[in-house]
Amino acid sequence: MTNTDEVRRSALPLTGPDDLSPLLERVGEARFVLIGEATHGTSEFYTWRAELTRRLIAEKGFGFVAVEGDWPDCERIDHTVTTGADPFEALYAFERWPTFMWANEEVAGFCRWLQGWNAGRPPAGRCRFHGLDVYSLWDSLRAIRRYAATHLPERMEAVMRALYCFESYGHDPQQYGLATRLVPDTCEDEVVTLLATLGDDELGVRQNAEVVAGAERYYRALVRGGPGSWNIRDVHMADTLDRLAGHHQAKGVVWAHNTHVGDARATDMAAAGMTNLGQLVRERHREDAVLVGFGTHRGTVVAAGRWGDRHHVMRVPPARPASLEALLHEALPGQDALFLVPPPGLRAGWYDEPMGHRAIGVVYHPERERWGNYVPTVVGRRYDAFLWLDETRAVHPLHGEPWDEVEPETFPTAM
């Protein structure tokens with residue numbers, strides 16, 4: 001039997017939300033479902049991810065959604081979906097590049113649904129919306145200062161010491177990282193003190209302190225190169241996920257790129273010394289974790305040519321030969337499909353074969369498809385389920401990017 005025959009036999013139909021039922025059965029009583037995306041700018045990835053999340057909340061009792069976004073920005077979204085305010089305003093207020101990742105019509109539609117779902121439910125029964133990422137050093141510091149000034153005046157000294165330390169390096173966290181490479185002075189001691197001072201306080205201020213600590217480590221590692229900064233970021237996301245699950249005593253859905261969601265051990269990331277969120281959640285929670293990936297053959301996507309540049313709609317060319325995407329398109333031209341690992345009643349050999357798997361980030365160069373943009377992957381080990389969308393279109397951003405300043409580049413730029 002050829003690989004294309006095996007693909008056809010293992011494919012389940014994917015035409016509407018009801019076709020997700022086999023995946024809901026696969027989730028079972030798992031506590032964590034991590035849902036990926038092959039790009040940060042494809043409409044169908046967002047809409048199918050939202051459909052699956054709606055069903056997980058409504059039918060499986062999942063109590064929070066945690067995304068590859070900044071804690072302060074997502075805290076404003078959480079406020080809207082739990083209090084009845086319009087989430088559009090909170091999404092439109094996203095400022096850190098690339099805003100289109102979360103400030104888009106597809107996310108706005110889901111958040112309005114979530115607001116409606118929460119309406120009338122008691123506070124303890126509402127589904128929450130949180131950010132997992134580590135980039136918001138300054139926003140988190142300012143949020144801590146505002147909170148402490150009102151609620152913890154006796155602890156303001158530790159807060160201000162950390163704030164003044166970072167201010168001495170300017171307001172660019174990348175410059176802080178560069179400076180600490182040249183001289184031994186850092187803000188690490190001030191951050192450790194800040195964490196110790198705020199470690200037992202309410203979730204918001206505690207998490208902002210964790211972000212400051214993670215960002216301090218991240219930007220010091222970033223300028224040194226290698227896998228260190230990537231690992232710090234994904235460990236921070238995994239720790240945040242565990243913290244949220246413990247705080248809410250609830251099951252959680254994660255939205256992030258395939259490169260964070262799919263198990264790194266099934267790619268070449270492991271050989272490079274990298275871990276990721278999917279691997280960490282599997283190691284920590286075993287059968288309580290379900291990892292879901294996405295892929296597409298061709299279409300359009302929102303991305304930019306370099307970090308901080310203006311985003312625009314780009315053409316996604318047909319997948320390169322011998323890739324996972326090329327195989328699925330050859331087997332199922334023009335069709336969408338759901339794949340479960342292992343497929344019901346069949347162990348498909350193609351699940352265990354290493355193939356290139358396309359990964360498009362916020363920075364994308366379609367002309368480099370022949371040489372880059374693909375991650376060597378064993379799909380049956382990387383994911384527990386895979387949603388295949390043969391042709392896709394670009395996400396719908398709420399607005400253009402702010403151009404008063406350019407954000408420092410982060411590693412890796414593609415994700």
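Author: The notes below take those topics in turn.

Reader: What kind of model is it, and what conventions apply?

Author: This is a predicted model, where local features need pLDDT of at least 70 and side-chain atom pairs count only at pLDDT 80 or more, while totals for chains, interfaces and linings use all residues. Residues are numbered from 1 along each chain as its sequence is written, and side-chain values use heavy atoms, with hydrogens and water left out.

Reader: Which peptide bond is cis?

Author: The bond from W97 to P98 is cis, with omega near 0°. P98 is in the loop between α5 (87–92) and α6 (105–118). Helices here are DSSP runs of H or I with at least four residues, strands are runs of E with at least two, and both are numbered from the N terminus.

Reader: What is the phi of Q249?

Author: Near 50°, a positive value in a residue other than glycine. Most residues other than glycine have a negative phi. Q249 is found in the loop between α12 (228–248) and β5 (252–255).

Reader: Is Q249 buried or exposed?

Author: Q249 is exposed, at 69% relative accessible area. The cut-offs are under 20% for buried and over 50% for exposed, with partly exposed in between, using a 1.4 Å probe and protein chains only.

Reader: And N373?

Author: N373 has a positive phi as well, near 70°. N373 lies in the loop between β9 (354–358) and β10 (374–378), and counts as partly exposed at 22%.

Reader: How many salt bridges in the whole structure?

Author: The search finds 28. One of them joins D384 and R26, at 3.2 Å from N to O. D384 is in the loop between α16 (379–382) and β11 (385–392) and R26 is in helix α2 (residues 21–27), so the pair ties together parts that are 358 residues apart in sequence. R26, D263, R265, R282, E283 and D384 are linked in a network of salt bridges.

Reader: How many aromatic pairs?

Author: The count comes to 16. Y169 and Y176 form an edge-to-face pair, 4.9 Å centre to centre with 85° between the planes, and both are buried. Rings of Phe, Tyr and Trp (its six-membered ring) pair if their centres lie within 6.5 Å; planes under 30 degrees apart count as stacked, over 60 as edge-to-face and the rest as tilted.

Reader: Which rings form a cluster?

Author: Ring pairs link Y46, W102, F110, W113, W117, F129 and W255.

Reader: Where do charges sit over those rings?

Author: The charged end of R49 sits over the ring of Y46, 5.0 Å from its centre, and that of R121 sits over the ring of W117, 3.6 Å from its centre. The test is NZ of Lys or CZ of Arg within 6 Å of the ring centre and within 35 degrees of the ring normal.

How values were computed. A salt bridge is a side-chain nitrogen of Lys or Arg within 4 Å of a carboxyl oxygen of Asp or Glu.
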